[in-house]
Amino acid sequence: MSRSAGSMTGKEAFMQNIASRLGRREPLQKAPERPFIGVPDFYRDRELSTNELIEEFIRNWTALSGRTLIVEEAEAPQAIAAYLKEVCAELGITRISRWEHDRLRELSLDGPLIEAGIEVVPWREDGADHLRLAEPPTGSEGNWAKRSKLLQAAETCRLGLVWPDCAVANTSTLALFSEGGKGRSVSLLTDTLVAVFRADQIVTRMGEAFALFKERYPNVQQMASSLNLITGPSRSADIENDLTIGIHGPGKVHAVIIR
Amino acid sequence: MSVQAGHGQDTNMDERIGSGLKQRTKQALQDEFLRKAVAFTTDKLKNGRLQAMDAFGDWEAWRDRGRAIREHTNSHLDYYLSQFADNVAGNGGHVYFCSGADDAVKTFMGIADRHKAKLVAKGKSMVSEEIHLNHHLEDRGIEAIETDLGEYILQLARETPSHLIIPAIHKNKQQIADLFTDASGQHFEPETKVLAEYARKKLRNYFLEADIGLTGCNFGVAESGSITLVSNEGNGRMVSTLPKVHVVVMGMERLVPTFEDLEVVLNLLARSATGQKLTTYTSILTGARHPEDLDGPEELHVIILDNGRSAQLGDPIFQEVLNCIRCAACLNVCPVYRHVGGHTYGSVYSGPIGAVLTPLLQQDMKEAGTLSYASSLCGACYEACPVKIPLHDMLVHLRHRKVKMKLTSLPERAAFKTFQTVFGSVTLYKLATKSGYYLQKPLVRGGMIKAGPAPLSGWTQSRFMPMMPKQSFRDKWAALQAELAAKKAAREEQR
């Protein structure tokens, strides 16, 4: 199955006008030559070791009020489960959503969490079937009440667990290619976000995350419909310049790095 | 607060851009809170930018690259815009090209009608302000909710943004608490945390219930047809994720060719706007959701707006204004903006960029063209601009255009005509300097002119003017020359 067809209205005259303003008789059909592309060379050429990447990521992440846990590969499943339970206990969280992702499944986190009384909503069609949800609030439009149970459930989860496709050290950014089991809502609707990833997934700069994205989806029409770059907690300075954390998206962000 | 008076509502605001400028300036200058708040915030943003620049290494190389990318894109806009639109449509999106504001509004209404929309949740979009979409929606009985916290506050106050990045820069906590109290019926203390928490809950409900999510577009990526949205709060993500229909309204020039170029402009934007290394959320949206996706909008509509932009293409002086990435760095450093705030400009876009963009987009030199005088031409805007738009030069060119079109006032034209005649003739010039000395006499006190009739009072209200000396420099020159020659001779004799 593929997406329904798109459409185009009013293109020809619009393009003709632009072309003539630019002094061309017809719109340019051939890709123009590019003497330069992307970032300046001095920035592109910067290379960091794995340890430097981890350090730089953590430095930036901490400056944005993000918390970090580093675990060794061998202890990862137990250590991460314990950390999640601790975070949930601290905030009184009893329901979390998580990406339906092979790497996360391999950590078998659901068992220990459920044992600790925490409900887990994996991002798949039947992910919320086991839950009893309170009646969703019916607003004036009644739209929300008609949405999928999964989406409604995600909105009641207070912690979201994701496995980013990569992380960017020099801005402390998580890059999330959202599609299928890697839902957008998991990193958006909760108050707390926990991202688990391997140290070797950290790259130096944003451009490398974009390169990975383009490599993963060489065909434009297959591209994940949403690539989200998340750099710290949701924030606003709109009220008298007072920094407010957690205005719409998660206000608490955790990075768990597996070494 | 006096800020609200006269320009609180943007209906018909545009028609008085020029003739109301003096009055609005006066009002703003009398508003103590406004001036303090604007100075405080712009300082903070400006200092943040300076720090971020330092930490980034060779800022000039970045500016040059940013400028080069934007310049290349706009000079080949027919190619890149076409590529962008084809990719959006190829990814299942619906693209509409609109030459004017009416056209864009009509297109949006068509989409709203098809979905029987009653509630639209809006992300921050200057273009939707530009086409006054909210008014049209209101007229149709469609509720449009601004979800950026600052914009939401302004919507409750029925005001327009006064800064590109911090729209409610001119509102204090007490005013915001009062607005929330009025809107909700419950009492609010002026505490940021409490106010923000209320807004979070209130707006969450709108995100969930909206029929349509409406956003602008910070950058479109031509090679993939992707829409890039940046926000710190996350409202941009909310409105482009939760409602079933996502509508984008964007200026036709808001493009970069590739993801590689996107990296440059995103870095420039965040650092220049707020001094952040990167905005909290950068969403790159490519088409509507795939069949296997379990969230995201089912439909994507992209409205691409000209509205006076194409008239700048190919213009040797003004095309560069289309390179703007809307970071507001020029507002934060502008000595005029910092004193009078955004509303004084009387248009959607304020500050130096607004003073240039508004008359160009509206193709109105008579009223909007007056904004070119709301500048000291100090060039701070150019220094701060991450894509090096020579705004101060453009302001001079706009003034020139206004003069050429004989749109300046009659006395002003007469004055300059006289100036031209007098300064063009040796005899008249001599006569003028001589007679000036005697004519000024009734006004001089202690060697200074401290008060005078109009138009001289425009100067003397805020500063003194030294009197014209009895002997002009020109008359003194012969004596001065002789004196110099004598000194020189004396020095040589000593050797």
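Me: What share of the 259 residues of chain A count as buried?
Reply: In this predicted model, 54% of the 259 residues of chain A count as buried, where buried means under 20% relative accessible area, exposed over 50% and partly exposed in between (1.4 Å probe, protein chains only). Residues are numbered from 1 along each chain as its sequence is written, and chains are lettered from A, with ligands numbered from 1, in the order in which they are written. Local features need pLDDT of at least 70 and side-chain atom pairs count only at pLDDT 80 or more, while totals for chains, interfaces and linings use all residues; side-chain values use heavy atoms, leaving out hydrogens and water.

Me: Why is T204(A) called buried?
Reply: T204(A) has a relative accessible area of 7%, and the cut-off is under 20%, so T204(A) is buried.

Me: Happy with that. Which residues does T204(A) touch, not counting residues up to four places away in sequence?
Reply: They are R46(A), L48(A), L53(A), V168(A), A169(A) and N170(A); a contact means heavy atoms within 4.5 Å. T204(A) itself is found in the loop between β9 (202–203) and α8 (206–216) of chain A. Helices (H or I, at least four residues) and strands (E, at least two) are DSSP runs, numbered from the N terminus.

Me: Now the partner chain. What area do chain A and chain B bury between them?
Reply: About 9000 Å², 56% of it on carbon and sulfur atoms. Buried area is the accessible area (1.4 Å probe) that two parts lose on being put together, summed over both. D238(A), I239(A) and H248(A) supply 9% of the area that chain A buries against chain B, more than any other three residues. The contact takes 99 residues from chain A and 117 from chain B.

Me: What makes the pair D78(B) and R24(A) a salt bridge?
Reply: The rule asks for a side-chain nitrogen of Lys or Arg within 4 Å of a carboxyl oxygen of Asp or Glu. The side chains of D78(B) and R24(A) meet at 2.8 Å, N to O, so this pair is a salt bridge. Across the interface of chain A and chain B the rule finds nine salt bridges.

Me: And how do you know that β1(A) pairs with β1(B)?
Reply: Two strands pair if DSSP finds at least two bridges between them. Three bridges join β1(A) to β1 (residues 94–98) of chain B, so the two strands pair. They run parallel, and S7(A) stands opposite H94(B) in β1(B).
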